[in-house]
Amino acid sequence: MPFYNQRNILLYDRSENVYHFRWNEGKIQYTYFDQQLEKYNTSTLVEDCALEFDAVIDEKDRIYFIYQRTDGNLLLMVYFGDNWNTSSLGEFQKGNIANINILEHQGKIHILYCVSNDENNGSYHVYHHFYDEISWKSNSLGEIRTKGILNPFQFIKHKEYLIFGFYNLVNHEEQICIKWFNTTEEQWENTMRLTNNFNSKLYLDILVSKDEAFHLVYSEYVDGNLVIKYEKYEIKESKASRVSEHILSNPANASYPSFVAQTDKLWVVWTEYDQIMSCFTVDQGLTWSQPYLWKESKEYNFFRYKFHTNNERIKNYYQLSYAFGKDYPEFSFVGFGDIQNAVEVPKKKEETVEKENDFSYRGEKINETKKETEQNQREDFQREWTWADISRLYAKVETLEQRVQDIEDYILRRRRGGLFSSTRR
C-alpha cells in the first residue's frame with residue numbers, strides 16, 4: 001500500500017491522550033483521542049491554513065499550534081483547559097514562509113522558520129523568535145542558499161541547548177550544517193558544517209543521545225539512486241569530529257530517514273518503494289544490522305508523523321522526532337521493535353559480486369571452448385543488463401516522482417502569498 005507524503009503531527013500527553021493535526025486542502029483536520037473514554041473526536045480546527053504549520057506540547061499539557069494563514073499572517077493557538085485561544089503574530093516577518101518549527105523549552109516558546117528572498121531565487125532568510133514570558137524576542141540567523149528545492153529543517157532541544165540542523169550551499173554543493181542556541185545566555189553559536197562530500201542530498205534527521213553522541217542521517221544520491229547515509233560525530237569546543245559513517249540501505253528510492261532511539265537500540269527507519277524499511281545498532285552507530293522490511297507496511301496506507309510527547313514513561317524509553325505509522329483510528333507506529341514482524345533484506349555487496357563473477361568466468365574459460373565461453377558471456381551480460389537496468393530505471397522513476405512532489409510543494413509555497421504497539425493497552 002502507498003506512503004502518503006502529507007504533513008501530520010502527533011502529540012501524546014501525560015495521560016496518554018492523542019492529538020493529531022493534518023493539513024487537507026487549506027484546512028487543519030484535528031483529531032483528539034481520549035484515553036480514559038477510549039473515544040475519538042474529529043473536527044476542523046482551522047479553515048484558512050497555508051501549507052506551513054507545527055505544534056508542540058509542554059509539561060503542563062498545554063498545546064501550542066502555529067500556522068500561517070492564507071493571507072500571510074502567522075497565528076499562534078494555545079489549548080489549555082478544553083479551550084483554544086488564538087493570537088496573531090503579525091509583527092513577525094511576513095512573506096513566503098517555509099519550514100516553520102515550534103519548540104517549548106523550560107516554559108519558553110521558540111519559533112524558527114525561513115522566508116524566501118524574492119530577489120534571489122534559492123535564497124532564504126532564517127528567523128528565530130522566542131517568548132520570555134513578557135515579550136517576544138527575535139534573532140536573524142542570516143541567509144541560507146539552495147539549488148532550488150528547500151530541504152526541511154530539524155529543530156530539537158538537548159539540555160540547555162536548541163539545535164538547528166539545515167542544508168546550505170557551500171562551493172556550489174548543498175552541505176548539512178548545525179547551529180546551537182544557548183538558552184541560558186540566549187545566544188546562537190557559530191555555524192558548524194558536518195558533511196563535505198559532493199553528492200546531492202535530501203532530507204535529514206538528527207539526534208543527540210544520552211551519552212552526548214551526535215547522530216546524523218540523510219538520503220544521498222549515488223549513481224542515480226538514493227541511499228540512506230548515517231554519520232556519527234563527537235562535538236567538543238565548537239568542533240565536530242566524525243566518528244563513523246555507514247550506508248544503511250540498498251541503492252533505491254530510500255527517503256525520509258528517521259531516528260528512533262530505544263533503551264537498548266538506535267533505529268533508522270525510512271521509506272523505500274512505498275514500504276517501510278529500517279535497521280538498528282546496539283553499539284551507538286559503530287556497526288549496523290542488515291535492513292529489515294516491515295511486512296505490515298505492504299498491507300495498509302501509512303504516513304510519516306512528526307511526534308512530540310511530555311509523557312515520562314514514553315520519554316524514558318523512546319527518543320524520536322518522527323515516526324511512520326498507520327492512520328486514524330489506530331495511529332500505531334511501525335518500523336522498530338520486535339523484528340519478528342519484519343523480514344531481513346541483505347544488502348547487495350557489489351564488489352564481492354563482481355569478484356565472484358570474475359572468478360567464475362576464469363574457471364569457465366579453462367574448461368570450455370572459446371565459442372561456448374563467448375556464448376555464456378553474452379548470456380551472462382544479457383541477464384546482468386536486464387536485472388541492473390530494470391532496477392535502476394525503477395529507482396529513477398521513483399526518485400523522479402518524489403522530486404516532482406517536492407517541486408510541487410515548493411511551487412505551492414511560492415504561490416500562496418496507541419502509537420507504540422509494545423506499550424499501548
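Trainee: Glad to be here! How many helices and strands does the protein have?

Mentor: Welcome! Keep in mind that we are looking at a predicted model. The protein has three helices and 30 strands. Of its 425 residues, 51% are buried. The accessible surface comes to about 21,100 Å², and carbon and sulfur atoms hold 47% of that.

Trainee: Let me pick a strand. Is β13 largely enclosed or open?

Mentor: A general idea to start with: in a regular strand the side chains alternate between the two faces of the sheet. Now the case here. Strand β13 covers residues 154-158, and four of its five residues are buried, so the rest of the structure largely encloses this strand.

Trainee: Which strand do the bridges join to β13?

Mentor: That is β14, residues 161-170. The two strands run antiparallel, with five bridges between them. To see this in the model, find Gln154, which stands opposite Gly165 in β14. Then follow the hairpin of β13 and β14: two residues lie between the strands, and Lys159 takes a positive phi near 55 degrees.

Trainee: Next, the rings. What describes a pair of aromatic rings?

Mentor: Two things: the distance of the centres and the angle of the planes. A search of this whole structure finds 38 aromatic pairs. One of them is Tyr12 with Phe307, a tilted pair at 6.4 Å centre to centre and 45 degrees between the planes. Tyr12 belongs to strand β1 and Phe307 to strand β26, so this pair links parts of the chain that are 295 residues apart. Both Tyr12 and Phe307 are buried.

Trainee: Why is the pair of Tyr113 and Tyr127 called tilted?

Mentor: Planes under 30 degrees apart count as stacked and those over 60 as edge-to-face, with the rest called tilted. The planes of Tyr113 and Tyr127 are at 35 degrees, with the ring centres 6.0 Å apart, so the pair is tilted. Tyr113 sits in strand β10 and Tyr127 in strand β11, 14 residues apart. Both of these tyrosines are buried.

Trainee: Which residues do ring pairs link into a cluster?

Mentor: The cluster includes Tyr19, Phe21, Tyr30 and Trp84. Arg22 lies over the face of Phe303, 4.1 Å from the ring centre, and Arg62 lies over the face of Phe80 at 5.4 Å.

Trainee: Now the charged pairs. How many salt bridges does the structure hold?

Mentor: There are 24. Take Lys137 and Asp132, whose side chains meet at 3.6 Å, N to O. Lys137 counts as partly exposed at 32% relative accessibility, whereas Asp132 counts as buried at 17%. Both belong to a network of salt bridges that also links Lys108 and Glu186.

Trainee: Where do Glu296 and Lys326 lie?

Mentor: They form a salt bridge, with the closest N and O atoms 3.6 Å apart. Glu296 is in the loop between β25 and β26 and Lys326 in the loop between β28 and β29, so the pair ties together parts 30 residues apart in sequence. Glu296 is partly exposed at 29%, and Lys326 counts as buried at 16%.

Trainee: Which helix holds Glu312 and Lys315?

Mentor: Helix α1, where they lie three residues apart, about one turn of the helix. Glu312 counts as partly exposed at 43% relative accessibility, and Lys315 is partly exposed at 30%.

Note on methods. Residues numbered from 1 in each chain as written. Predicted model: local features only at pLDDT ≥ 70, side-chain atom pairs only at ≥ 80, totals over all residues. Heavy atoms only, no water. Buried < 20%, exposed > 50% of the residue type's maximum accessible area, 1.4 Å probe, protein only. Pairing = 2+ DSSP bridges. Areas by Shrake-Rupley, 256 points an atom, 1.4 Å probe, with all protein chains shown as cover. Phe/Tyr/Trp six-rings, centres within 6.5 Å; stacked < 30°, edge-to-face > 60°. Lys NZ or Arg CZ within 6 Å of the ring centre and 35° of its normal. Salt bridge = Lys/Arg side-chain N within 4 Å of Asp/Glu carboxyl O.
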